[in-house]
Amino acid sequence: MKRARITGVGHYLPEQIVTNEELTTYMDTSSEWIVERTGIKERRFFKEGDDTVSKMGTRAAEIALKNAGITAQDIDLIIFATLSPDYNFPGCGVLMQRQLGIKNIPAIDIRQQCSGFIYGLSVADAYIRSGMYKNVLLACGEIQSNVMELSDRGRNMAVIFGDGAAAIVIQATDDTSKGILSTHIHSDGEFAEELMLQHPGSNRKERITTEMLTNGDLLPHMNGKLVFKHAIVRFPEVIHEALNHNGLTLADLDLLIPHQANLRIAEYVQNDLGLTNDQVFNNIHKYGNTTAASIPLAFSEALQAGRIKDGDLVCVAAFGSGFTWGSALIRW
Ligand code: UT7
């Protein structure tokens, strides 16, 4: 059986840096509150007319393709994970396909929010293992700065989320000593409404009303405390699941790259698992929570920083809206 291997990684970030101090000019918050609760110091906001989620994904993909040493024409499947697509439909996958100038290959959009990268990785891995596709491009991107409200009523989410994109190239290999060892994905729809953007949805005759605008019903809703409570249970659980599945232990782990939701969640997970600082990579202080893009963005920076070396065992894990969660083990 074929094994799937990540052969190229890239990321793209909008230029505009928005510091915690700047946010205090729009809403009743403080840098101390944000840093203490989340570890975030700054985030990026997209530039209208220049950045779109598909374009940001394409820019990241072009770097990933170059690093993999292949061209867009070699790609036989596109997967795009985002909760903030350019259009309600069609998805960003076909837009990126057009921007890359690749005709006729399939493009799949993934809607698993913070777990979008892990879900996308599992789809790519399964297709490659089955022999159906050989060169898969997985892009993840978000523009979230324009769905949050920079105001007192929007502050609980506005201080957390940011914009950015990252992409990876995954290729088939016969070398079973390296690559994606396994992926593990889960969901529990019982908590669907605890982290959601309800409107505009298809379940009402009028998708958008002036009342919704006035009431702030077009803003996302998050039960932060409940999300936190579930995240700190699911992260360790799904990391253990991946290690156990492969007959490995935490001592074998060279690097954990958790979804960058909140530094306090990552620290809790690190302590719970007894991992050292060398075994965990975080970059949320610079970008906030970039949802689907957060893991590949961190992966890209970890590689650039020399934190992932040949033969290293890397675990990626996510938890978020749905609730959905998952993990993957990679032998680099
Ligand atoms: O990718 C997955 C997505 N999400 C997550 O992983 C989020 C998980 N949850 C969290 O990260 C945390 O719950 C938050 C960081 C979102 C919030 O921290 P918290 O300790 O749960 O705060 P809270 O919502 O209970 O609010 C505490 C206080 C409240 O004031 P009172 O009622 O105690 O007077 C809030 O109104 O902090 C207030 N508050 C703020 N104050 C300053 C809420 N947002 C802000 C803010 N600045 N931005």
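Predicted model: local features only at pLDDT ≥ 70, side-chain atom pairs only at ≥ 80, totals over all residues.
**View 1**

**View 1. Polar atoms facing the ligand.**
Let's zoom in on a few atom pairs. Threonine 29 has a polar side-chain atom 2.6 Å from a nitrogen atom of the ligand. Arginine 155 also brings in a polar side-chain atom, this time 3.0 Å from an oxygen atom of the ligand. With glycine 224, look at the backbone instead: one of its polar backbone atoms is 2.9 Å from a nitrogen atom of the ligand. On its own the ligand has 950 Å² of accessible area, and the protein covers 72% of that.

E1 pairs with strand E7 (residues 164–173) in the antiparallel sense, over 9 bridges. To spot one of these links, find tyrosine 12 and look across to alanine 165 in E7, its bridge partner.

**View 2. Helix H11, tucked inside.**
Why is helix H11 (residues 294–304) called largely enclosed by the rest of the structure? Because 9 of its 11 residues are buried. The buried ones in H11 are Ser294, Ile295, Pro296, Leu297, Ala298, Phe299, Ser300, Glu301 and Ala302. Just after H11 comes glycine 306, with a positive phi of about 75°.

**View 3. Two cis peptide bonds.**
Most residues other than glycine have a negative phi, and most peptide bonds are trans. The bond from histidine 199 to proline 200 is cis, with omega near -5°. Look for proline 200 in the loop between strand E9 (195–196) and helix H7 (210–215). Another cis bond runs from glycine 322 to phenylalanine 323, with omega near -15°. Phenylalanine 323 belongs to the loop between strand E12 (313–320) and strand E13 (324–331).

Glutamine 113 isn't a glycine, yet its phi is positive, near 50°. Where is glutamine 113 found? In the loop between strand E5 (107–110) and helix H5 (116–130). Its relative accessible area is 14%, so glutamine 113 is buried, since the cut-off for buried is under 20%. Threonine 291 also has a positive phi, near 50°, and it isn't a glycine either. You'll find threonine 291 in the loop between helix H10 (284–287) and H11. Is threonine 291 buried or exposed? At 1% relative accessibility, threonine 291 counts as buried.

Methods: Residues numbered from 1 in each chain as written. Heavy atoms only, no water. Pairing = 2+ DSSP bridges. Helix = DSSP H or I, 4+ residues; strand = E, 2+ residues; numbered from the N terminus. Polar contact = N/O pair within 3.5 Å; in protein donor to acceptor, adjacent residues only side chain to side chain. Areas by Shrake-Rupley, 256 points an atom, 1.4 Å probe, with all protein chains shown as cover. Buried < 20%, exposed > 50% of the residue type's maximum accessible area, 1.4 Å probe, protein only.
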